[in-house]
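Subject: Structure for your records

Hello,

Here is the structure we spoke about, with the sequence alongside. My notes on it follow below.

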Amino acid sequence: MASESVVDKAFAAALYSAPGRRRDDGGLDAGAALLAASAQDRAEAFRRGAGFVRRAWERGWQPADLVRMVRRGLDPVHVSLAADLIRDETARYGSGPADLPPRWREQLDGLPAGGPPRDPFLYATALLELYRLLLGLPAIEPAGPVPGTAVHIPPPHPEARVPARIRALLAKAEATGYPAEAEALSAKAQELMARHSLDAAALSGHTPTPDTPVTRRLGIEPPYETAQAILLHAVAGANHCRAVWSEPFGFSTVVGYAPDLEAVEVLYVSLLVQGTAAMTVAEAEQRAAGRRRTKTFRQAFQLAYADRIGHRLAATAHRAADEAPRDLLPAVAARDVAVTAHAEELFPDTTTTRVRGADDLSGRHHGARAADRATGL
């Protein structure tokens, strides 16, 4: 058909001839001009975007990952277009275990809203720029099945409700203005978190088909990505999980058993909230004293906060292990071994990252103090 021929020509000019060129090159302009002439051609070009999105799923990407990459590399208009494409592609699936993988519905509900450009040429240009980015995405380690893949979802254990209780306790600890109350709430949350992990290990050891480690991706957003990755690494390690930071893609992959992953995400988000609030207060105090704070202060604050939290979490984890019933230790150790093996299988070539930006002594001091006051540990 004529519309297909026009779309083919537009794609050939803008996407396949030289996808590495700058976004304002002649091929892109030529492709956009072809699509701008007809609303039917633009609609067909949009429909073909489902193929690019599906290709991303098959290469390990998930909805939140795609939106994050588009936001990092392009503009808000491209983010809106990406969200529309994702909604369009996933609408063909249902909501059962053989349709959308676990947690995908939550990611789809969180897609940003917005509308495409009204100008036909600007719309076509943005669409082709988005397709260039999608075509350039590499294959990454999968964090679950692709849509349409039948998966077995075991029935939840009774302990599945515990993470919600932990989340509620930490939310109260973040909101209260009374330190004693926050300390009591956070102590109860940590107690439940440790008990939840032990109970899950015990149940797994007594079931004929025990569960296995799974993965979950958590976004590491600018600024201060290194500090966030360090903080998540510490939270994961203290809760029998492993975290691997993929810096170019803006996320960390956490490997562990499902109940522990829930606890990691809840605690990590809570500590981020507490750290950001403490940094805001520290900056206000510095300004009130006539001292101007800069980006180096904030970087040092976040790094010191993450480092001190890591030490506190490690101490808490060791204490919980010492107090655990002796008969549960083999099950816990077996799960730790399984998590480590699965993480090494997924990421056989991990490297370390050098930490920079912690040379502001005042920022380091305030960050460490904030970590000592953080609740939930």
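**Ser80 and its surroundings**

Ser80 touches Ala113, Gly114 and Gly115, not counting residues up to four places away in sequence; contact here means heavy atoms within 4.5 Å. This is a predicted model, in which local features need pLDDT of at least 70, side-chain atom pairs count only at pLDDT 80 or more, and totals for chains, interfaces and linings use all residues. Residues are numbered from 1 along each chain as its sequence is written, and side-chain values use heavy atoms, with hydrogens and water left out.

Ser80 lies in helix H5 (residues 76-90). Helices (H or I, at least four residues) and strands (E, at least two) are DSSP runs, numbered from the N terminus. With a relative accessible area of 9%, Ser80 is buried. The classes are buried for under 20% relative accessible area, exposed for over 50%, and partly exposed in between (1.4 Å probe, protein chains only).

**Overall**

The protein has 14 helices and 3 strands. Of its 377 residues, 45% are buried. Among contacts with a separation of 6 or more, 79% are between residues 24 or more positions apart.

**Helix pairs**

Two packed helices are described by the angle between their axes and the distance between the axes. Axes are lines fitted to C-alpha atoms, for helices over the stretch in contact, and angles run from 0 to 180 degrees between N-to-C directions.

Helix H4 (residues 63-73) packs with H5 at an angle of about 160°, the axes being 9 Å apart. That makes H4 roughly antiparallel to H5. (Angles under 35 degrees count as roughly parallel, over 145 as roughly antiparallel, 65 to 115 as roughly perpendicular and the rest as oblique.) From H4, Pro63, Leu66, Val67, Val70 and Arg71 meet His78, Val79, Ala82 and Ile86 of H5. By class, this contact of H4 with H5 has 7 nonpolar, 1 polar and 1 charged residues. Ala, Val, Leu, Ile, Met, Phe, Trp, Tyr, Cys and Pro count as nonpolar, Asp, Glu, Lys and Arg as charged, and the others, Gly among them, as polar.

The axes of helix H2 (residues 26-36) and helix H3 (residues 39-58) come within 7 Å and cross at roughly 120°. H2 and H3 are therefore oblique to each other. Leu34, Leu35 and Ala36 of H2 make the contact with Asp41, Arg42 and Ala45 of H3. The residues of this contact divide into 4 nonpolar, no polar and 2 charged.

**The sheet**

The 3 strands form an open sheet in the order S1-S3-S2, with antiparallel pairing; two strands pair if DSSP finds at least two bridges between them. Strand S1 (214-219) and strand S2 (242-246) are at the edges with a single partner strand each, so one side of each has no neighbour in the sheet. Neighbouring strands are turned by 25° against each other on average, direction ignored.

S1 and strand S3 (residues 251-256) pair over 6 bridges, and the bridge partner of Gly219 in S3 is Phe251. Helix H13 (residues 329-346) packs on the sheet and touches S1, S2 and S3, its direction making about 140° with that of S3.

S2 is joined to S3 by 5 bridges, where Ala243 has Val254 as its bridge partner in S3. S2 and S3 form a hairpin with 4 residues between them, and Gly250 in the turn has a positive phi of about 75°. Glu247 is in the loop between S2 and S3 and, at 44% relative accessibility, counts as partly exposed.

Regards
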